[in-house]
Amino acid sequence: MNRRDVILLSSVLITFIFLYLPVSSATYLYTDEAVQLWEYHHSKGFHMFLQQGRYITEMLFHWRFGNARTVSDVSSIRQFSLTGWLLCIPVWYFIIRNVVIREKLPQIITFLSMVYLIAMPPMTISLVWASCMELFIANTCGLLSGYCLYNGITKDKHDGKSISNSAVCGSLIFGLVALFTYQTGFGCFFLPFIIHLVAAGKPDRKIVIGIITSVTIYFIYLLLFRFSLQAYQVTASNRTDIHIDVLNKLIFFMGRPLASAFHFTFLFNERSQPGTIVYLLLAASALAAILIQRRAHTVKEQISYLGTLFVLLGLIYLPAFLVEENYSSNRTLMALKMAVFIVLTASLCIAFRSIKKQYAGAAVMAVLFVANAWYNLHYLFLWPVKQEYQQLTTAIEATIRPTTDTVYFLRPPEDFFEKKYSITRSWDEFGVPSSFFAWVPPYLVKQVVLEKTANSRLAEKLVIIHSLNRDSLLLHFPLNASNVVYIDGPAMLK
């Protein structure tokens, strides 16, 4: 490691800490965290991820949430994720650096990729949401899986490609860890091969070996997943049912995940027309730039290159292709967004051959990414969520009495934050009230009561009746009943 690497890596790590350290001391519960905090401690045999093929995540949650008692303990789980990424970012730096050097591409790609990694919305979600604390393991192991294979492929004496057994074994082990932690994290496997394709300018045997190996790892995982279900005697979640619908999935892939990849660190609502326009303009510009840079190649070579690139991007998102659910939330997109960014950054570096222009452009992009990440973290997530938790906690503590056994809870609408704070709502991750989701109020109320009174019997006996509709909720509300309270979520949050 030379002095330049030390400076660049240190600057990335310092920026990462600057961005996300506030998360480690923030007090709040967001969506699934309320369920997990209560159930992993109070319910024997509870599991959320085993039936989804995430055995490692299940064990991790039993350990971390199973030992959590209070909302403050959830903050320590977020600190666990923060520490995990601090340890993994240098791994990402050196892998991407080594591949970029080996492929003789401009080194500025490494630095920009690292800044983009720490600033992208998937990174933010993995740190602000304890329910996604496993993402640093899944994505890093996916990258290590691909790098083991990439690094183990060498030229033989016949000018072909050979691969060592240790490289295959390492790739398989890291790949299975990624898949059993968070399936889309394995998509990072393809990043070294994406960089290689960009540098080589055409598909070759190394790409073919990568594709065949990745599909094999996917298949082995599927067999082991089915075996694990039998071993633990659980039924697979319907979210894991294989559903082949090529045309529908291609439309979904082009319209949602790929669109988000071209938004970089900027967040748009998934139904946003301006977001769609930005995506189409950027994608068309990128395609035109690639074709112009490769104008010396034949049409067949152009199609072969673009076709291979599209196949690799599709394989990155293969787990989502194979199930019926179409939900391209930010937490699933780290590999895909990174792949698109690397391709476009390489094209820009080729277009601007001047080192001064490359560094000037990199500085501007880095500042924009970090500033936007700060905005996403503080104004689209932390500020509204912390306010919601504090206001609802105050209301619950003020209204629940020892005689209370039933709580009527009016939930805020999904776009409540969007209208109140004039912010962007993106999937179930940014700009959405936690208490909007039907599964949150029962666990949130019980947890707040438990921590306020230290009376587990009072908390456990509570019956929480909730709705988004005030009239239907109050239709059967018993007036003047000493054992019943009503919590108006929207009114409390105003």
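S422 is exposed in this predicted model. Its relative accessibility is 63%. The residue sits in the loop between α18 (416–421) and α19 (440–453). S422 is not a glycine, yet its phi is positive, at about 55 degrees. Most residues other than glycine have a negative phi. A second case occurs at A454, also not a glycine, with a positive phi near 60 degrees. A454 is placed in the loop between α19 and α20 (456–461). With a relative accessibility of 69%, A454 counts as exposed, because the cut-off for that class is over 50%.

Helix α10 spans residues 205–232 and holds 28 residues. From first to last C-alpha the helix reaches 40 Å, close to the 40 Å expected at 1.5 Å a residue. At the start of α10, a side-chain oxygen of D204 comes to within 3.1 Å of the backbone nitrogen of K206. K206 is itself buried. Other buried positions in α10 include I207, G210, S214, I217, Y218 and Y221. Toward the end of the numbering, F225, S228 and L229 are buried as well. An α-helix has 3.6 residues a turn, so residues three or four places apart point the same way.

Beyond α10, the loop between α10 and α11 contains I244. I244 is exposed, with a relative accessible area of 62%. The residue belongs to a nonpolar surface patch that also includes I242, V246, L250, M254, F310 and L322. Together the patch residues have about 610 Å² of accessible area. Helix α11 (residues 246–255) supplies the largest share of the patch, with 3 residues.

Residues up to four places away in sequence aside, V128 touches V23, Y28, E33, R78, L377 and F381. F352 is 224 residues from V128 along the chain, and 37 Å separate their C-alpha atoms.

Salt bridges were then examined. The whole structure contains 10 of them. One joins the side chains of D5 and R97, with an N to O distance of 2.8 Å. This pair links distant parts of the chain, 92 residues apart: D5 lies in helix α1 (residues 3–25) and R97 in helix α4 (residues 71–102). Both D5 and R97 are buried.

R271 and E270 form another salt bridge, their closest N and O atoms being 3.8 Å apart. The two partners fall into separate accessibility classes. R271 is exposed, at 64% relative accessible area. E270 is buried, at 15%, because the buried class ends under 20%.

D415 pairs with K419 in a salt bridge with the closest N and O atoms 3.3 Å apart. D415 is partly exposed, at 22% relative accessibility. K419 is exposed, at 64%. Elsewhere, salt bridges that share partners join R331, D428 and E429 into one network.

Conventions
Residues are numbered from 1 along each chain as its sequence is written. This is a predicted model: local features need pLDDT of at least 70, side-chain atom pairs count only at pLDDT 80 or more; totals for chains, interfaces and linings use all residues. Side-chain values use heavy atoms; hydrogens and water are left out. Helices (H or I, at least four residues) and strands (E, at least two) are DSSP runs, numbered from the N terminus. The expected span of a helix is 1.5 Å times one less than its number of residues. Buried means under 20% relative accessible area, exposed over 50%, partly exposed in between (1.4 Å probe, protein chains only). A polar contact is a pair of N or O atoms within 3.5 Å; within protein, one must be able to donate a hydrogen and the other to accept it, and residues adjacent in sequence count only if both atoms are side-chain atoms. Patches are made of residues with over 30% relative accessible area and no salt bridge: like charges are joined within 9 Å, nonpolar side chains (Val, Leu, Ile, Met, Phe, Trp, Tyr) within 5 Å. Accessible areas come from the Shrake-Rupley method with a 1.4 Å probe; for residues, only the protein chains shown count as cover. A salt bridge is a side-chain nitrogen of Lys or Arg within 4 Å of a carboxyl oxygen of Asp or Glu. Contact means heavy atoms within 4.5 Å.
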